[in-house]
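Here is a friendly walk through one protein model, taken helix by helix and then residue by residue. Keep the picture open while you read.

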Amino acid sequence: MKPNLVLSVRAYGKIILHACKYPHKAICGVLLGSEAGGRVDVRDAVPFFHLGLGLAPMLEAALFQVDEFCSSSDLSIVGYYQANELLDNSLPDSIAVRVADKIQENWPNACLFMVDNKKVSIASDDLAVKVYKVHDGKWRITEATVSCLEGGAKSVQIISSLMQQKAYQSLVDFDNHFDDIRLDWRNPSINSLIELELPGSAPSTA
């Protein structure tokens, strides 16, 4: 049976590297992708915040810029991701639900990814996100295994390698961008690093 949600290495990598860069803080971002034949393809992730997740003006400003980017790149905002501050807490809080609800208003098949902080490790072979979808009007966890990650276990190893290289140090989120607009929230350097790790792939300039 084919998965109804496929997560790219680029998207997964940015989520995990964002969590790695700020291991003692809550972090969040949005998921970009497309949908065809009932399957959602999450192609990219945009890191949003690590200083304050619930600040409405900052969120609106970030969403506006990402919407502009999506309109020129044939992508849509298809979901939201968040890692909580506490190591053993991977449940959606009121902020996660509120933002995910907002996205779901425009994208009915939206997904919510909660990072499992205990699995964010160089040595981990497991997918470190839990996937939530709306069922009966509420966000509920779905069956999600490494099979929904493009490339499977090999992709987990690629991200572990980037963690070992401390690639997260160069990751830019919107908090960084708002402090210095020269910093690119699209993270082209991270995109290139991930592409370099993929067998037979040329570096990306996107």
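A crossing of two helices is called left-handed if the near helix is turned anticlockwise from the far one by less than a right angle, and right-handed if it is turned clockwise. Helices (H or I, at least four residues) and strands (E, at least two) are DSSP runs, numbered from the N terminus. What you see is a predicted model, in which local features need pLDDT of at least 70 and side-chain atom pairs count only at pLDDT 80 or more, while totals for chains, interfaces and linings use all residues. Residues are numbered from 1 along each chain as its sequence is written, and side-chain values use heavy atoms, with hydrogens and water left out.

**H1 and H4**

Let's start with a pair of helices. Two packed helices are described by the angle between their axes and the distance between the axes. Here, H1 (residues 9-21) passes H4 in a right-handed crossing. The axes of H1 and H4 (residues 153-164) come within 10 Å and cross at roughly 35 degrees. Those axes are lines fitted to C-alpha atoms, for helices over the stretch in contact, with angles running from 0 to 180 degrees between N-to-C directions.

Who does the touching? On the H1 side there are Val9, Tyr12, Gly13, Ile16, Leu17 and Cys20, and they meet Ser155, Ile158, Ile159, Leu162 and Met163 of H4. Contact means heavy atoms within 4.5 Å. By class, this contact has nine nonpolar residues, two polar ones and no charged ones. For that count, Ala, Val, Leu, Ile, Met, Phe, Trp, Tyr, Cys and Pro are nonpolar, Asp, Glu, Lys and Arg are charged, and the others, Gly among them, are polar.

H4 itself has twelve residues that should span 16 Å at 1.5 Å a residue, and its end C-alpha atoms are 17 Å apart, which agrees. The expected span is 1.5 Å times one less than the number of residues. Buried in H4 are Ser155, Val156, Ile158, Ile159, Ser160, Leu162 and Met163. Here buried means under 20% relative accessible area, exposed over 50%, and partly exposed in between (1.4 Å probe, protein chains only). H1 and H6 are among the elements that cover those buried H4 residues. H6 (residues 188-197) has its own buried set, namely Ile190, Asn191, Ser192, Ile194 and Glu195, and its cover includes H1 and H4.

Next comes H2 (residues 56-71), with 16 residues and a reach of 22 Å from its first C-alpha to its last, close to the 22 Å expected. Which residues of H2 are buried? They are Leu59, Ala62, Leu63, Val66 and Cys70. They all sit on the same side of H2, because they cover an arc of only 100 degrees around the axis. The arc is that of the directions from the helix axis to the C-beta atoms. On the other side of H2, Pro57, Phe64 and Ser71 are exposed. The cover over the buried residues includes strands E2 (27-36), E3 (39-49) and E4 (76-83), plus helices H3 (94-106) and H5 (174-179).

Zoom in on valine 66, which belongs to H2. Not counting residues up to four places away in sequence, valine 66 touches Val30, Leu32, Val46, Phe48, Ile77, Phe174 and Trp185. Its C-alpha is 8.1 Å from that of isoleucine 77, eleven residues apart along the chain.

**A few single residues**

The table compares how accessible some residues are.

| Residue | Relative accessibility | Class |
|---|---|---|
| Valine 66 | 0% | buried |
| Asparagine 187 | 1% | buried |
| Asparagine 176 | 13% | buried |
| Lysine 166 | 45% | partly exposed |
| Glutamate 85 | 53% | exposed |
| Glutamate 105 | 66% | exposed |

Asparagine 176 is in H5. Leaving aside neighbours within four places in sequence, it is in contact with Lys21, Tyr22, His50, Leu171 and Leu183.

Glutamate 85 sits in the loop between E4 and H3. Glutamate 85 and lysine 25 are 60 residues apart in sequence, yet 4.8 Å apart in space, C-alpha to C-alpha. With neighbours within four places set aside, glutamate 85 is in contact with His24, Lys25 and Ala26.

Two loop residues have a positive phi without being glycine. Lysine 166, in the loop between H4 and H5, has a phi of about 60 degrees. Asparagine 187, in the loop between H5 and H6, has a phi near 55 degrees.
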